[in-house]
Amino acid sequence: MAGGDRALNTPRFLSHLSYAFQTFVLRHEMPYLLILVVTDTCNLDCFYCESKNSGRYHMSFLQVREALASSFRRGCRTLVVTGGEPTLWRDGGKNLDDLIGAAFDAGYVDVSVYTNGTNPLSSRRCKYIVTIDGTREIHNSIRSGSYDRILRNIRTSASSEIYAAVTVSRSNAACLEEIIHGMAREGVFRSITFNLLTHCPEIVRLHGFAGSERTAVLDRIWDLKKKGYPVYFSRAAYRAMRANDWKRPIPQIELATRDRQFMCCRDVGNPDVCANCGYSGCVEVSQLLSLKPSAILELFRTGLCSWTDGTPERA
C-alpha cells in the first residue's frame with residue numbers, strides 16, 4: 001500500500017475529544033458507535049451464518065438516512081456498515097458510496113465497512129474490515145473459493161485502511177498460527193482482528209469453543225500478539241475475555257436493522273449467546289470505557305481510531 005503524509009482531521013479530533021469529555025468528565029452514558037445492518041443479501045454461503053438472503057434486513061436509502069439521523073441525535077459519531085454483504089446493497093440508483101456519503105453528510109466522522117472482500121473496494125472515504133477465515137485452502141472451504149479474489153481486491157483498493165477479520169472456529173483453529181503468519185506476510189493489512197464463533201449454544205458446541213478450550217484459543221492468540229504479529233488485542237481485552245467478566249451489554253454500541261434498534265448487538269436478549277460472547281471488538285470497547293491504558297494504546301496503535309486522515313493519495 002502506498003504511503004503518504006497524514007493530516008489532522010479536525011472534525012474527527014473534536015468529536016473524539018467531545019465524547020471523552022461528556023463520558024469521562026460529565027459522566028453521561030451515551031452511544032458512540034452505530035452498527036448498521038443494511039442488507040442480508042450475500043454472495044457467499046458460510047456455514048455459521050444463518051441470516052443471509054432472507055430478505056428481512058434490506059434497508060431503503062430513506063431508512064438508512066433515518067437510522068443515521070436517529071443514532072446521531074443520541075450521540076453516535078462512528079459507523080460500521082455491515083450485512084449480509086454491504087457492497088451488494090442497492091436502492092434504486094443508490095449504492096454503498098451514496099450510503100457512505102450520507103453518513104458523512106449526517107455528521108459521522110468515521111465510517112468502516114465490514115465486507116467479505118469479493119467485490120471491488122472502491123471507496124477511499126472508509127476503512128474496510130475484510131473477512132479472511134484461514135489459509136487459502138481453509139478459507140476457500142468456508143468462503144466459497146474466494147481467497148485469491150479477495151487479495152486482488154485488497155491490493156487494488158481505493159482505501160489504504162484495510163483490516164483483516166478472522167472468525168475462529170473448529171474449522172480453522174488448528175492452523176491459527178499459520179493463518180496469522182500468512183496474513184502478516186501479505187503486508188496489506190494494518191491489523192488483524194478476530195472473533196470467536198458466537199452463536200447459540202448448540203452451534204458453539206459443534207463448531208466453536210467454550211470453557212477451557214476457549215481459554216486455550218485466547219492464549220494462542222495472545223502468544224501471537226506477544227511475538228509481534230499485528231493482532232488487534234490489548235492486554236486488558238485478553239484478560240477480560242479470558243476471565244469472561246467484562247460488562248455487557250455495552251450501551252455505547254447501537255445496532256440498527258430495518259425495523260429494530262438494539263443495544264450492543266442482536267443477541268442482547270439472548271443470555272446464552274451473550275454469556276459466551278466472542279466479539280473481541282466489543283470487549284475492546286468495554287475496556288476503553290474502563291480507561292484501561294493498554295486498550296487505549298492498542299486502539300491508536302492500529303489506526304482503528306485516529307485523529308488523522310488515514311487514506312493518503314496513492315503514488
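Is Arg190 buried, partly exposed or exposed, and what is its relative accessibility? In this predicted model, Arg190 counts as partly exposed, at 25% relative accessibility. Its side chain meets that of Glu161 in a salt bridge, with 3.5 Å from N to O. This pair links distant parts of the chain: Glu161 lies in the loop between H5 and S5, while Arg190 lies in the loop between helix H6 (176-186) and strand S6 (191-196), 29 residues apart.

The structure holds 13 salt bridges. One of them joins the side chains of Asp110 and Lys127 at 2.5 Å, N to O.

Another salt bridge brings together Arg136 and Asp148, at 2.8 Å from N to O. Arg136 belongs to helix H4 (residues 136-142) and Asp148 to helix H5, 12 residues apart. Arg136 is partly exposed, with a relative accessible area of 43%, and Asp148 is partly exposed as well, with 35%.

On the surface, a patch of positive charge gathers Lys226, Arg235, Arg239 and Lys292. Lys226 is part of helix H8 (residues 211-226) and is exposed, with a relative accessible area of 56%.

Elsewhere, Ala158 sits in the loop between helix H5 (147-155) and strand S5 (162-168). Ala158 is partly exposed at 26% relative accessibility, and its C-alpha atom is separated by 26 Å from that of Cys76, 82 residues apart along the chain.

Methods:
Residues numbered from 1 in each chain as written. Predicted model: local features only at pLDDT ≥ 70, side-chain atom pairs only at ≥ 80, totals over all residues. Heavy atoms only, no water. Patch = residues over 30% accessible without salt bridge, like charges linked within 9 Å, V, L, I, M, F, W, Y side chains within 5 Å. Areas by Shrake-Rupley, 256 points an atom, 1.4 Å probe, with all protein chains shown as cover. Salt bridge = Lys/Arg side-chain N within 4 Å of Asp/Glu carboxyl O. Lys, Arg positive; Asp, Glu negative; His and termini not counted. Charge placed at Lys NZ, Arg CZ, Asp CG, Glu CD. Helix = DSSP H or I, 4+ residues; strand = E, 2+ residues; numbered from the N terminus. Buried < 20%, exposed > 50% of the residue type's maximum accessible area, 1.4 Å probe, protein only.
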